[in-house]
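Let's take a friendly walk through this chain together. Keep the viewer open and turn the model as you read.

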Amino acid sequence: MSGADRDRDCSSQECSELFRMGELMDKRLKNVAKKEPLPIKNDSEPVYRQLIRMIEERAAMGEVKHGTHLQANNGRDALMDALQESIDLNQYLMQKIAERKHSDITMLDYQDEADKTAQYPGRLNSSGMFYTTMGLTGEAGEFSDKMKKVIRDKSGVIGTDEKMSMLHELGDVLWYVAQNARELGSDLETVAQMNIHKLASRQARNVIGGSGDDR
Ligand SMILES: [Mg+2]
């Protein structure tokens with residue numbers, strides 16, 4: 001069926017909705033590709049080693065389940081098996097992209113929007129950092145104060161109103177995190193990536209618990 005035939009098979013409303021969904025998906029995929037940063041070297045275990053280990057584990061499972069490893073000339077149609085697995089793979093990839101991009105706002109998008117509202121003394125020179133540091137601790141204090149009042153007035157039960165006001169305060173904290181990153185010549189996405197890599201490294205070395213910034 002040609003593209004023109006397909007166009008005639010949907011009503012104008014259906015075609016309009018399909019076109020809108022297509023544009024949205026295209027925008028999401030372009031957004032993923034555009035914002036993908038260069039890899040940052042870190043201490044986590046190389047992925048190829050994790051993959052080799054997983055292959056060995058699955059081979060062992062396969063031997064238990066089927067009584068043999070996967071071998072050539074085993075009587076199965078490998079192309080059909082591969083096709084079925086690839087269909088599943090594409091569904092999992094699409095699921096993950098849909099889950100990641102249910103909102104079009106990325107860390108860099110947020111940083112850009114936060115920058116547009118950033119007006120304070122000494123911005124992006126030597127004194128701006130004083131303002132953003134005090135702002136960060138001030139907003140963290142406001143968040144803490146909301147929780148204190150929940151304990152005092154609501155027996156520690158966070159209701160809908162309290163939840164919303166605490167989420168707003170977390171947003172204020174995020175704004176100052178973004179501006180502190182900017183004052184340090186960086187951005188929110190870099191801060192997030194550095195944090196994830198640090199935690200992944202600690203997890204790989206089994207030192208999530210304990211203390212010390214450099215563990
Ligand atoms: Mg606030």
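**A walk through the helices**

Helices here (H or I, at least four residues) and strands (E, at least two) are DSSP runs, numbered from the N terminus. The model you are looking at is predicted: local features need pLDDT of at least 70, side-chain atom pairs count only at pLDDT 80 or more, and totals for chains, interfaces and linings use all residues. Residue numbers start from 1 along each chain as its sequence is written.

Tyr131 is partly exposed, because 18 other C-beta atoms lie within 10 Å. Two residues are in contact if their C-beta atoms, placed from the backbone, lie within 7 Å. Setting aside neighbours within four places in sequence, Tyr131 is in contact with Tyr120, Pro121 and Gly122. Tyr120 is 11 residues from Tyr131 in sequence, and their C-alpha atoms are 7.3 Å apart in space.

Now zoom out to the whole chain. The secondary structure comes to 8 helices and 0 strands, which reads along the sequence as α-α-α-α-α-α-α-α. Of the 215 residues, 6% count as buried. Take the contacts between residues at least 6 apart in sequence: 66% of these join residues at least 24 apart. As for confidence, pLDDT is the predictor's score for each residue, from 0 to 100. The chain averages a pLDDT of 86, and 87% of the residues score at least 70. Over residues 1-7 pLDDT stays under 50, and for that stretch the model has 2 contacts beyond four places in sequence.

Next, a check on helix geometry. The expected span of a helix is 1.5 Å times one less than its number of residues. Helix 6 has 26 residues and should therefore span 38 Å; its end C-alpha atoms are 37 Å apart, which agrees. For helix 7 (residues 160-183), the 24 residues should span 34 Å, and the end C-alpha atoms are 35 Å apart, again in agreement. The 17 residues of helix 8 should span 24 Å, and its end C-alpha atoms are 24 Å apart, which agrees.

Which of its residues are buried? They are Trp175, Tyr176, Val177, Ala178, Gln179, Ala181, Arg182 and Glu183. The buried residues of helix 7 pack against helix 5 (107-116), helix 6 (128-153) and helix 8 (188-204).

Helix 5 and helix 7 pack at an angle of about 90°, with their axes 10 Å apart. That makes helix 5 roughly perpendicular to helix 7, a label for angles of 65 to 115 degrees; under 35 counts as roughly parallel, over 145 as roughly antiparallel, and the rest as oblique. Axes are lines fitted to C-alpha atoms, for helices over the stretch in contact, and angles run from 0 to 180 degrees between N-to-C directions. Tyr110, Gln111, Ala114 and Asp115 of helix 5 meet Trp175, Ala178, Gln179 and Arg182 of helix 7. By class, this contact has 4 nonpolar, 2 polar and 2 charged residues. Here Ala, Val, Leu, Ile, Met, Phe, Trp, Tyr, Cys and Pro count as nonpolar, Asp, Glu, Lys and Arg as charged, and the others, Gly among them, as polar. Leu108 is also found in helix 5; Leu108 and Ala178 are 70 residues apart in sequence and 9.6 Å apart in space, C-alpha to C-alpha.

Then turn to helix 8. Helix 7 and helix 8 pack at an angle of about 95°, with their axes 8 Å apart. That makes helix 7 roughly perpendicular to helix 8. Val177, Ala178 and Ala181 in helix 7 meet Leu188, Thr190 and Val191 in helix 8. The residues of this contact divide into 5 nonpolar, 1 polar and no charged.

Finally, follow the backbone past the helix ends. Ser155, in the loop between helix 6 and helix 7, has a positive phi near 55°. Ser155 is exposed, because it has 7 other C-beta atoms within 10 Å. Just after helix 7, Gly185 takes a positive phi of about 80°, and just after helix 8, Asn206 takes one of about 60°.

Key: A residue is buried if 20 or more other C-beta atoms lie within 10 Å of its own, exposed if 12 or fewer, and partly exposed in between; C-beta atoms are placed from the backbone.
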